[in-house]
Amino acid sequence: MSALDWTVLFGTLAFIVLYGTWKSRGARNMESFLKGDQQLKWWMVGVSIMATQASAVTFLSTPGQAIEDGMRFIQFYFGLPLAMVIISVTMVPIYYRLKVYTAYEYLETRFDLKTRILAAILFLILRGLSVGITLFAPSLVLSTVFGWNIVATTLLIGVLVIVYTVSGGSNAVSLTQRHQMAVILGGMGLAGVIAFMLLPDDVSLVDTVKVAGELGKLNLVTTDFSWSDRYNIWSGLLASTFLFLSYFGTDQSQVARYLGGKSLRESRMGLIFNGLLKIPMQFVILFIGVLVFVFYLFHAPPVFHNEVLLRQSRATSAGAEIRSLEKSFLDEYAVQQVAVRQLVDGIHRDDRAAIDVAKTQYRAAKQKEDSIKTRTRQVIGKAMPRAKTQDRDYIFLNFVLHYLPHGVIGLLLAVMFSAAMSSMSSELSALASTSMVDIYKRVFKPSASAAQDLFASKVLMTLWALIAMTFAALANFAENLIQFVNIVGSLFYGTILGIFLVAFYLPRVKSNAVFWSAVVAEGAVFLCYFYFYEQIAFLYYNIIGCVIVLLLSLVLQALAQAAPVSGSSSPQSPRL
Amino acid sequence: MSDEQPPVFSSWRTWYILVLAVMIAQVVLYGLITRYFL
């Protein structure tokens, strides 16, 4: 990191925070603080939705995912456009008609207070955990790579977000997200261009695509169905649709973004904007990962991408074995490089037989490299028992730090910080809205003054930020961060979506039936997580939770209507 | 322009069809890319 990088990084962050604080100053009541001025145009709504969803984990983990597993992760997003259409048609008009602060307010109108509070509490648990991970992920990676103290890194990101979010509320979130998204798109685009320019002169873009394709990285659509396979076209179109319906339709961090639109029209267009652009955006991020993969075919990568941990492990009693593994890895890499050269030559000559021979040689060398990598992880894990030996989240950042020019490194770090801040600010705003409107004001202080409401909203937002910072500073897990974020979501989203779908589409079902169905569904999802984690991919929890709520609420409602009402011969339905 | 009137097209249905058509086109395109290479 040079002085130029530090200037770019802190200059970008300072501008965003100061601009957001200054432009959004003067929220005078709870409505303006939690809902904003509702003046956003459609493209601002769309940008805000995308910036909320894209956290630092997206940019740290996704390229690494492509490098190791190919581009098939893109299938996870196939259900998103479908969810955008369904939400635009059904949910958004209802939220507008009822003029709600939060999605859960609607549930009291449709059912009763306890169902509203159940959904709000499920959301608070889910989002409270997620905001901690949103902050923890970049803090862990950045503090490891730069040797910064993790508490200091967490404090830096957390305090920057608190400054403008607690000062300007929802307006500040939307305003800053525009700049954050510009930094993110600009930085990632530049990284992709430079990654391509760093490839050897005789490797064109077409060659790059062909090499990546021949080596199995362009596995964009996989059709084999398995309950335990996370990313294939079936989980993408079915389970992801449920996940995104719940995330965008019932998660307050997203609902608040499109309710900030100037009108129903602008909100709908914002969702459509997201439905059109999200898959291409993920394609670009994954393709940047593929470019980095091809880059590492011509430049030797480290045997273990968390280089700080690798360095530390060399100083332990296992140092000699680590050095020996590094040497073996480089020897195998030299064999692999010969195969890669032959592959490129075969592609240039359009010689199918030569390509197949080169691929076989590459795979043999790669298999040996992989076993050396696995052994290295085991040795590091044994030498340093508390160390996290998953290094996927470090691959892209390592590439940035070692191969991108100064200035661009600072910009890419600003991308990570901006992404963390953009999603964290939305999440804090949503946590404050839900705990304020659905719990505190509804149950404890319904008749407080406007000034008291505004003050309580700011206090709650600060409290959630402090909880997230404490969680991030104390958390001690790091195996595949992007997956963990999605697992936490899948644990709760199915049930929440089920409650909302019953509300929209099963008018005969009443509050008690849906409430107890939701309780059972949540128990069933946790059962799957604890006892069938290997058998059922977590994305399917979204379907399981939702379907249980829908079916069980119908059964409970039918039973309640069929049961005779004791002490009365009236044919009227009981209250269930 | 009424609140419900979408920009560019005369109905929301056209926008929704466009979103789904773009999604299907991407799935088909990605499927073809996968099939070509794997």
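This is a predicted model: local features need pLDDT of at least 70, side-chain atom pairs count only at pLDDT 80 or more; totals for chains, interfaces and linings use all residues.
Me: Where does Thr102(A) lie, and which residues is Thr102(A) in contact with beyond its neighbours within four places in sequence?
Reply: Thr102(A) sits in the loop between helix 5 (80-98) and helix 6 (105-110) of chain A. Leaving aside neighbours within four places in sequence, its contacts are Gln252(A), Ser433(A), Thr434(A), Val437(A) and Asp438(A). Each of these pairs has C-beta atoms within 7 Å. Lys35(A) is 67 residues apart from Thr102(A) in sequence, yet 9.1 Å apart in space, C-alpha to C-alpha.

Me: What makes the phi of Lys99(A) worth a remark?
Reply: Its phi is near 50 degrees, a positive value, and the residue is not a glycine. Most residues other than glycine have a negative phi.

Me: What is the phi of Val8(B), and where is Val8(B) placed?
Reply: Val8(B) is not a glycine either, but its phi is positive, about 70 degrees. Val8(B) belongs to the segment before helix 1 (12-37) of chain B.

Me: How do you know whether Val8(B) is buried or exposed?
Reply: Val8(B) has 8 other C-beta atoms within 10 Å. The limit for exposed is 12 or fewer, so Val8(B) is exposed.

Me: How many helices and strands does chain B have, and what share of its residues is buried?
Reply: Chain B has 1 helix and 0 strands. Buried residues account for 21% of its 38 residues. Its C-alpha atoms fill a box of roughly 50 × 10 × 10 Å along the principal axes.

Me: Which residues touch the most other members of the largest nonpolar core?
Reply: Val415(A), Met416(A), Ile499(A) and Val549(A) do, in a core of 186 residues. Helix 17 (residues 408-444) of chain A gives the most to this core, 18 residues. Domain 1 (3-295 + 401-562) and domain 2 (307-387) of chain A each supply at least three. Apart from this core lies another, of 9 residues, including Phe329(A), Tyr333(A), Ile372(A) and Ile380(A).

Me: Which residues is Ile499(A) in contact with, leaving aside neighbours within four places in sequence?
Reply: Ile499(A) is in contact with Leu107(A), Thr115(A), Ala119(A), Val514(A), Ala518(A) and Val549(A).

Technical notes. Residues are numbered from 1 along each chain as its sequence is written. Chains are lettered from A and ligands numbered from 1 in the order in which they are written. A nonpolar core is a set of buried Ala, Val, Leu, Ile, Met, Phe, Trp, Tyr and Cys residues joined through C-beta atoms within 7 Å. A residue is buried if 20 or more other C-beta atoms lie within 10 Å of its own, exposed if 12 or fewer, and partly exposed in between; C-beta atoms are placed from the backbone. Helices (H or I, at least four residues) and strands (E, at least two) are DSSP runs, numbered from the N terminus. Domain bounds come from an automatic or database domain assignment. Two residues are in contact if their C-beta atoms, placed from the backbone, lie within 7 Å.
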